[in-house]
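Work through the exercises below with the sequence and the model at hand. Each task is followed by its solution.

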Amino acid sequence: MRQLLKKKIIIPAFLCIVFISTTAFKNDFFEIAKQIEIFTTLYKEINMNYVDETNPADLMDTAIKSMLDDLDPYTRFMNEQDVEAARINNTGDYTGIGARVKTLKDKLVIVEPYKDYPADKAGLKAGDEIIKVGNIMVSDYKEDSGNLLQGASGSTVAVTFKRNNQTKTATIERAEVEIKAVPHYSMVDSKTGYVVLTKFNRKASAETSYAVRDLKVQGAERIILDLRGNPGGLLNEAVNIVNLFVPKGQLVVTTKSKVKKYNKQFFTSRAPLDTEIPLVVLIDGSSASASEIVSGTLQDLDRAVIVGNRSFGKGLVQRPKRLTYGTQVKITISRYYTPSGRCIQSLDYWNRNENGEAVRVKQENYNEFKTKNGRKVFDGGGVFPDVTVNKIKNTTITKAILKSGLIFDFATAYYYKHPSLSMANFKLTDTDFNDFKSYLKKNNFSFTTDTEKALYKAYETSINENLNDAIKDDYEVLVSALKTSKNEAINEHKNFILKSLTEEIVKRYAYREGLYEYYKNNDAHIQKSTQILGNTMTYMDYLR
């Protein structure tokens, strides 16, 4: 009954609230005022008179989240903690212990300590499980236990943690932490510079500019810009980074919305850093939003060769709107279009399938556009690279393996079994792969495919219709075949698994900085990029 009240009455009545600050408020003032009054009186009556005890905050939270779930995943409500996290992400500065931490029910897990920051100086390592902060047991703390690690710069916090089945303690002195947008740049060879850009915060273009200038002083005559895994960020920083490589006054991106003031064109506004230096941009399936503006625009202008795998496909722009009590709502206000006119949004959240899932734009519905030199490019599915390297499809099994956390845990165990390995020529073997498969089995790794779900649903229906006796044997044969197929699927994704394991293990020994150094000698994308940039004719052929 309570769920029915939420879904049928509270949520529809609440739909209007987020849109108070939009043009709908101006155009339909009476309708919005009417719905708000209905919701207010309904909400009051339910909390006062419902047969069971209600929690007003929980009801409101459900109403907000359910409403926004019907839109897109980027339009979301932000409480005070979310607002602070967004501020840190945009500025790149905060006070803390200097480590990425994952919050679990009864512990805090150090995912990655930042080199030379407080957690690292105190001796904490990836995989350490913090069970006590000061005198507070993490398992007893009802709120976000990650907040226990925060505090003023110079203050100390004592932690108790488990490592490799041993309990240890450490005292960490908190400090100002700067999260760099460009965590690494260096020379790949005597003429090729390599710049890693991991986020588009307020320092992104300044740090990228500094890196490129410094590399040119070191002798760089060509540049590799690595946007792999970069989820995006500030749109104006994307424009500024494009501006480093194209002239002033060039159209970079256009935003289109039903609200006129959000219909804008963004042009480069400064003198460029270098409009001639050969440039390769690396992307993958996790390069999104601002990363796609940079890569898509440089592709449209024939200013760079794009190497890697198809990008994520996020062609939507959000803007935060302040609400009361320090909260915000981040609303999708427009779509963005690259200079050729394409929008690379890949999922349709407004015309969902019968299961309520967003539908991916079909390839036959892609529209063709032209780059500055007349090359064909397409909308509807992310930025397609000019050169595809090691194409990896994100399947049910790869998603399940990553979500399980067992790659992270295996890397932790591997590190303590091999405490003094050199990363110079590090390479995992078939034996290591078999060890990981045994590790999956030991930790009861399992995942359910869509085929299994459909098959079980059909068998469940046959039970209700008293037909199961006739098909039971066939059903069990199919289930057995699927189990075998799933085991074979792990072998089919050997390269993906070994790559993911290698990256996690290298970080254990050499931090993230060491991982980028490892990439320069072992990464297929960088090797291909260096090969392209090393031959002027090859480079120019991709842009004609």
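**Exercise 1.** How are α12 and α15 oriented to each other: roughly parallel, roughly antiparallel, roughly perpendicular or oblique?

Two remarks on the source come before the solution. The model is predicted, so local features need pLDDT of at least 70 and side-chain atom pairs count only at pLDDT 80 or more, while totals for chains, interfaces and linings use all residues. Residues are numbered from 1 along each chain as its sequence is written, and side-chain values use heavy atoms, with hydrogens and water left out.

*Solution.* Locate the elements: helix α12 covers residues 430-442 and helix α15 covers residues 494-522. Helices (H or I, at least four residues) and strands (E, at least two) are DSSP runs, numbered from the N terminus. Next, take the axes, which are lines fitted to C-alpha atoms, for helices over the stretch in contact, with angles from 0 to 180 degrees between N-to-C directions. The two axes come within 11 Å and cross at roughly 90 degrees. Angles under 35 degrees count as roughly parallel, over 145 as roughly antiparallel, 65 to 115 as roughly perpendicular and the rest as oblique. α12 and α15 are therefore roughly perpendicular to each other.

**Exercise 2.** Which residues make the contact of α12 with α15?

*Solution.* Contact means heavy atoms within 4.5 Å. On α12, the residues are Asp-430, Phe-433 and Phe-436; on α15, they are Lys-494, Ile-497, Leu-498 and Leu-501. Sorted by class, five are nonpolar, none is polar and two are charged. Here Ala, Val, Leu, Ile, Met, Phe, Trp, Tyr, Cys and Pro count as nonpolar, Asp, Glu, Lys and Arg as charged, and the others, Gly among them, as polar.

**Exercise 3.** Describe the hairpin of β17 and β18.

*Solution.* Strands β17 (residues 316-322) and β18 (residues 328-337) run antiparallel and are joined by seven bridges. Gln-318 stands opposite Thr-332 in β18. Five residues lie between the strands, and Tyr-325 in this hairpin takes a positive phi near 55 degrees.

Technical notes:
Pairing = 2+ DSSP bridges.
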